[in-house]
Amino acid sequence: LLIEKYGFHHISTGEVIREEIRQGSLLGLSVKGFIDKGQLAPDALVIDLIADYVSKHKESKGNIFDGFPRTTPQAEAFDKIMEQHGTPVNLMLALEVSDDELIDRLLKRGKESGRADDSCESVIRNRIDVYKAQTAVVADHYRRQGKFRAIRGTGSIEEIFRSICCLIDPLLEKPDAAGSCFLIFDAVIQNRVRACSLKICERRL
């Protein structure tokens, strides 16, 4: 919906990594060990992927990065990347739901997709623990900058989408909106589609 409304491009860092695994590359096999244990991919890998993508898509209307940043070092590195490209982060939206709801959504997705890391509750709980220990602090990083806003992550997709747009649209209407960067932090699959994802929407007007 965000792609349709705002004309953004989408990149899933998780899919990029999974493709490396499917190809059986040395990098993919090393990352697979982390994923199978419900752990996050190393910061250095994800940061390099994002920096490369941003440098190759300077002329796009905007980008949605799915699965990044998930740690404070990644957020700090992302801030530097975006500042270097003249699009500093100016808003972070966090979609919040309960642990039980997250586990239920992921188990259902595991049945539909066949993904092993979505089919075992103990692995899912470990991912949530990792999220709370590492990823949740990203919210604190942007809260300290006065850029954090929370949104209820339950309800229909359309309801959540409207809530997001209600915060993004006014910012895009500002005279200095060109080069804005918006972060939509969706814990572990608030959008009912992806796990542990953080969507970053960079809007170039």
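This is a predicted model: local features need pLDDT of at least 70, side-chain atom pairs count only at pLDDT 80 or more; totals for chains, interfaces and linings use all residues.
# Reading cysteines, helix packing and burial

Student: What is a disulfide, in general terms?

Tutor: A disulfide is a covalent bond between the sulfur atoms of two cysteines. To call one here, we want the pair of sulfur atoms within 2.5 Å. A search of the whole structure turns up zero disulfides. Cys-165 is in none, with the nearest cysteine sulfur, in Cys-166, 7.2 Å away.

Student: Are Cys-165 and Cys-166 buried or exposed?

Tutor: For this we read relative accessible area: under 20% is buried, over 50% is exposed, and in between is partly exposed. Cys-165 comes out at 7%, so Cys-165 is buried. Cys-166 comes out at 56%, so Cys-166 is exposed.

Student: And the protein chain as a whole? What share of its residues counts as buried?

Tutor: Of its 205 residues, 49% do. The accessible surface of the chain is about 10,100 Å², and carbon and sulfur atoms supply 52% of that.

Student: What secondary structure does the protein chain have?

Tutor: Eight helices and six strands. Follow the sequence and the order reads α-β-α-α-α-β-α-β-α-α-β-α-β-β. As for contacts with a separation of 6 or more, 72% are between residues 24 or more positions apart.

Student: Let's take a helix pair. At what angle do H5 and H7 pack?

Tutor: With helix pairs, look at the angle and then the spacing of the axes. H5 (residues 72-84) and H7 (residues 121-143) pack at about 45 degrees, their axes 8 Å apart. H5 and H7 are therefore oblique to each other.

Student: Which residues of H5 and H7 meet?

Tutor: From H5 you have Thr-72, Ala-75, Glu-76, Phe-78 and Asp-79; facing them in H7 are Gln-134, Val-137, Val-138, His-141 and Tyr-142. Sorted by class, this contact of H5 with H7 has five nonpolar, three polar and two charged residues.

Student: Where does Asn-90 sit?

Tutor: In strand S3, which spans residues 89-96. Asn-90 has a relative accessible area of 33%, so Asn-90 is partly exposed. Now bring back Tyr-142, one of the H7 residues that meet H5. Asn-90 and Tyr-142 are 52 residues apart along the chain, yet 8.9 Å separates their C-alpha atoms.

Note on methods
Residues are numbered from 1 along each chain as its sequence is written. Side-chain values use heavy atoms; hydrogens and water are left out. Buried means under 20% relative accessible area, exposed over 50%, partly exposed in between (1.4 Å probe, protein chains only). Axes are lines fitted to C-alpha atoms, for helices over the stretch in contact, and angles run from 0 to 180 degrees between N-to-C directions. Helices (H or I, at least four residues) and strands (E, at least two) are DSSP runs, numbered from the N terminus. Angles under 35 degrees count as roughly parallel, over 145 as roughly antiparallel, 65 to 115 as roughly perpendicular and the rest as oblique. Contact means heavy atoms within 4.5 Å. Ala, Val, Leu, Ile, Met, Phe, Trp, Tyr, Cys and Pro count as nonpolar, Asp, Glu, Lys and Arg as charged, and the others, Gly among them, as polar. Accessible areas come from the Shrake-Rupley method with a 1.4 Å probe; for residues, only the protein chains shown count as cover.
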